[in-house]
Amino acid sequence: MRQVSLAATAAYLPERWMTAAEVGERSGIPEQVIVEKFGLRGKHIAAEDEHVSDLSVAAAERLLAEAGVDPIELDVVMYYGSMWKDYSVWQAAPWIAHRIGASRAYAVEYDNVSAGTPVALRIARDMLRAEDELSTILIVAACRESYLLDYGNERSRFMFNFGDGAVAGLLVKDGGRNALLGCHGVTDGSFSLQVKVPSGGSVSPNGGYHFLDVADPGAMKEGLDEVSLANFVVAARGAVERSGATLADVGYLCGIHMKPSMHRALVAELGLEESRAAYLDDTGHMSGVDPLFALDRAARTGVLRDGELVLLLAAGTGYTWAASVVRWGDGD
């Protein structure tokens, strides 16, 4: 089977940083609770005129420049980020491809919210393996969902950690380093109507509430408390087993931003030390961006060890838990 590698990554964060104190002031939640219970010291906020396509282009152009890749060489540009884009009923991928000069690329995109990174890696890997004529795929995601928050809505308070940012990854066939290995996912659709923006779709095309909302926070929390940790582990174990390994072989975790108590429980369940798991307390949760952003940061700071398995693990409203595995470096 043809090897697919994650040849390069890059990220972009907007200039403005919103502190935990400001989140507390807007929401009425004490700053100490935001820091200790939400696990958030602060998050980046896009400018009013800085949209998902702009964030995506910034990350993509940084990757291309750093990797020395001519955009004309890209076979596919895949957008997998936030569903809340510049316009409704609109694809961002073609516009991103055009703006970065990827004039030969086939532009595709899909919506998979916060579970995006592992699923994007899986789809891109399978495309490269299935089609002989494809050699390079640029995946890119962005989030601007801080603008979908109503800090006065207590039902949506678990989402007050949502921030803005973007990430890009270059996948190549037969590229050598950073091999993309197994992927796995599991879905529980019973939660599918809990988290949504209730206006703008065909059910309520002109509804009055245009922010993220939770239909029944109590029922959602009770249900997720029963299954979430177990499903994270199911996704993780499936991905590493498909990589010919076990959870004990995982060297580093790149997950999504979640409350510290859940993060600690997950790290313990996976058998890792906390120092071997990224925690994005200075960015908050950026929809599908988090795991690839965490990997890019870990790579740039020299945290990753050559040959170790890096687990990219995520969950997204719907609810889907997904994981992908990268063997970092040469894997010797």
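The model is predicted, so local features need pLDDT of at least 70 and side-chain atom pairs count only at pLDDT 80 or more, while totals for chains, interfaces and linings use all residues. Residues are numbered from 1 along each chain as its sequence is written, and side-chain values use heavy atoms, leaving out hydrogens and water.

**Helix packing**

- Helix α6 (residues 217–241) packs with helix α7 (residues 260–269) at an angle of about 40°, their axes 10 Å apart.
- The two helices are therefore oblique to each other (angles under 35 degrees count as roughly parallel, over 145 as roughly antiparallel, 65 to 115 as roughly perpendicular and the rest as oblique).
- On the α6 side, the contact (heavy atoms within 4.5 Å) uses Ser-228, Leu-229, Phe-232 and Val-233, and on the α7 side Met-262, Ala-265, Leu-266 and Glu-269.

**Aromatic pairs**

- The whole structure holds 6 aromatic pairs (ring centres of Phe, Tyr or Trp, the last by its six-membered ring, within 6.5 Å; planes under 30 degrees apart are stacked, over 60 edge-to-face and the rest tilted).
- Tyr-80 and Tyr-110 make a stacked pair, 6.4 Å centre to centre with 15° between the planes.
- That pair links distant parts of the chain, 30 residues apart: Tyr-80 sits in the loop between β4 (76–79) and α4 (93–100), and Tyr-110 in the loop between β5 (106–109) and α5 (116–130).
- Tyr-80 and Tyr-110 are both buried (under 20% relative accessible area, with exposed over 50% and partly exposed in between, using a 1.4 Å probe and protein chains only).
- Tyr-319 and Trp-321 form a tilted pair, 5.4 Å centre to centre with 40° between the planes.

Note on methods. Axes fitted to C-alpha atoms, helices over the stretch in contact; angles between N-to-C directions. Helix = DSSP H or I, 4+ residues; strand = E, 2+ residues; numbered from the N terminus.
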